[in-house]
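Subject: Structure handover

Hello,

Here is the structure I said I would pass on. My notes on it follow below the entry.

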Amino acid sequence: MSRLNEANVLLAKEIIGRYPRARSATIPLLHLSQQQNGHVTREAIAHIAELVGATAAEVLGTCTFYEMFKMEPVGKYVVNICGTMSCQLMGADELMHHAEHVLGVKAGGTTADGLITLEHAECQAACTEAPNVQVNYRHCHRMTTESFDRLVDDLRNGRLDNEIPPHGTLARNRQHIPADKAAGVASPDAPAAPAWLTAPEASA
Amino acid sequence: MSSYPWAAGYIDDGDRPKIVTSRFHLEDGHTLERYEATGGYQGLRAALARPASAVHDEVRSATVLGRGGAGFPAGTKWGLMPADKYPRYLVVNGDESEPGTYKDRLLMERDPHQLIEGCLIAAYAAGLSQVFLYIRGEMPLAHERVGAALNEAYAAGYVGRSILGTSFSVDIVLHWGAGAYVVGEETALIESLEGKRGEPRLKPPFFPAAIGLYGQPTIVNNVETLSNLPWLITNGAAAYTAIGTETSPGTRMVAVSGHVNRPGVFEIVNGTTTFRDLFYGEEFCQGIRGGRELKAFVPGGGSAPWFTPEQLDLPFEGRLVGAAGSMLGSGAIMVMDETTDIPAAALTLTRFYAHESCGQCTPCREGGTWLERIMQRIVDGRGSHADLDQLLEVGQSICPGNFPHAASSKLGLEATPFPYKMTTICFVGPSAFAPVHSALTLFRDEFEARIRTRTHIPVTVGAVDDHH
């Protein structure tokens, strides 16, 4: 089952409802489908297209633009080694070489047990803590070959299950806008100056 | 204590004013309870007690320079929207991914309510009817913190319908990115938010303030820019401009990484702190790694032309740095000591921008790839002298004319000031050329040394028999 399941369809509709145009929910829904399936399936693309009122080709076009969306199955953990300047200056090339050797796959590959996909990544916004690694986009700072080995060992033995959800799950919480608190979407089809501009005394 | 395990990278040694990092030393600084206990949402209350136009004027008079890269004043930007076109939107640029940059991630993780309050003040002052807070996909902790903070703020009546019992009503929608550097460009961000591929729109003539999200007037502001507003409105523009200089008031967050003894993210006084202060100061980076010599540094994110020790005494001030041939950009400084392999370091950045090209503009899509391949060839020791000319020629197709670079008394070079001309819609193409141009202009000897002496190999297909 790789269309969105029933619970996720409800969630999808809630997300779509926050935008003036449904298509704006495309990326959040692609994340949702990736959370459900670990990667983005063709069926999910078609389903999301139905939900946001776009063609499957349009959703696929969006999907393939963004690196986080995987169109093929990946490991439970995607291990991204940053190779941009600050990390490179602090030894990222050597770390990647070590990782490829230890995991027995080249960057882009997945270990035979399906646990780890190794990737070369670009700047992870933690440049003072170089070299950096992200596991399912969770940061590991100042990595050495030894701490990389420990990380792999921890992943293989499930010791990080509480900290790092499986690939596809980004945030472990979600925004919820309570119906009784919502200001409502500002639709371009209903052009009106905001109330607080037209009646400034009301806010005094 | 000067650094905190919950804010890895952040250092607050010394006695400097804090505008945006005042809660980073508090482990629970991201919660509503702590935020309210430390003056939180007072700026919003102060704003709502005044007409929107007065709040706008206050921000305009403080000259809050945009902290995303371009440095355009926020109050001025808000004033560029057409007068009677509604609804107007606020899109928060939290897609931080410029190489070397990180401050927005920390601001979202450590003080999400400050950002939310900044969004509310901006929406109120500029008459923006809905806010979309776009966070880079690779920052799940920022998503969690901002998401939790928004849920708290809605429950407490700070966000949503009739905020604090007034006629001010606005929703803030948390939106996720999915990994594309170019989406940090404001029109690409808008395309992405519309559910499309993140390809920048052609501008001029129409900037987002006139035609933005769904064709409506849209303000795109950076996370750090908006995070300044609660303090500014609480304390007033006069207090804000009392810090820093006339042209660069307030503070800035900078990240110094690479070959320094103590890399870190610092909130510094804008306009006066010099690069020498930052690299060698006891309260900052405490010198170059292992007491070595400084070779070069990138002053404003991977897109910025490089500086050498000759520019160390420049202050962190946009106009001066621009005149000296580079830019402050996003406050990211990367330091290279004397052991650095300059062509290899430049290659890393060029590869980044070539990889991140969205593919719309030929000079960037093709040129970036060419630059990367030629640089790789040189770094691998397979380059020729013709390759060096070829690099500059490809660069000319992306940025015609003189490309900005620093002065060098050693090489007898005068500085070429910012900006550059470009044949592309956005700055990604020029950014692929910037490191190549800097490295080749300032360290040509290192390129020469990589080029092996080799004889020209003629193309012989079909002509082989002529020799016999």
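Strand E2 (residues 130-135) of chain B runs parallel to E3(B), and six bridges join the two. Within this pairing, Ile135(B) stands opposite Trp176(B) of E3(B). Please keep in mind that this is a predicted model.

Both strands belong to an open sheet of four strands in chain B, ordered E3-E2-E1-E4, with parallel pairing. Its edges are E3 and strand E4 (218-222) of chain B, each of which pairs on one side only. On average, neighbouring strands in the sheet are turned by 20° against each other, direction ignored. Helix H8(B) packs on this sheet and touches strand E1 (89-94), E2, E3 and E4 of chain B. The direction of H8(B) makes about 110° with that of E1(B).

As for the domains, chain B is split into domain 1 (19-241) and domain 2 (251-450). Their C-alpha centres lie 30 Å apart. Where the two meet, 22 residues of domain 1 of chain B are in contact with 27 residues of domain 2 of chain B. The domain 1 side of that contact has nine nonpolar, seven polar and six charged residues.

Next, the contact between the chains. Here 72 residues of chain B are in contact with 66 residues of chain A. On the chain B side, the elements that give two or more residues are helix H7 (140-155), strand E3 (171-176), helix H8 (186-193), strand E5 (251-258), strand E6 (264-269), strand E8 (332-337) and helix H14 (342-356). H7(B) gives the largest share of that side, eight residues. By class, the chain B side has 33 nonpolar, 30 polar and nine charged residues.

One item concerns chain A itself. In helix H4 (residues 56-65) of chain A, the residues Val59(A), Thr62(A), Cys63(A) and Phe65(A) are buried. Seen down the axis of H4(A), these buried residues fall within an arc of 165°, so they line one face of the helix. What do the buried residues of H4(A) pack against? Their partners are helix H2 (26-37) and helix H3 (42-52) of chain A.

Regards

Notes
Residues numbered from 1 in each chain as written. Chains lettered and ligands numbered in written order. Predicted model: local features only at pLDDT ≥ 70, side-chain atom pairs only at ≥ 80, totals over all residues. Domains from an automatic or database assignment. Contact = placed C-beta atoms within 7 Å. Nonpolar A, V, L, I, M, F, W, Y, C, P; charged D, E, K, R; others polar. Buried ≥ 20, exposed ≤ 12 C-beta atoms within 10 Å, placed from the backbone. Arc of directions from axis to C-beta. Pairing = 2+ DSSP bridges. Axes fitted to C-alpha atoms, helices over the stretch in contact; angles between N-to-C directions.
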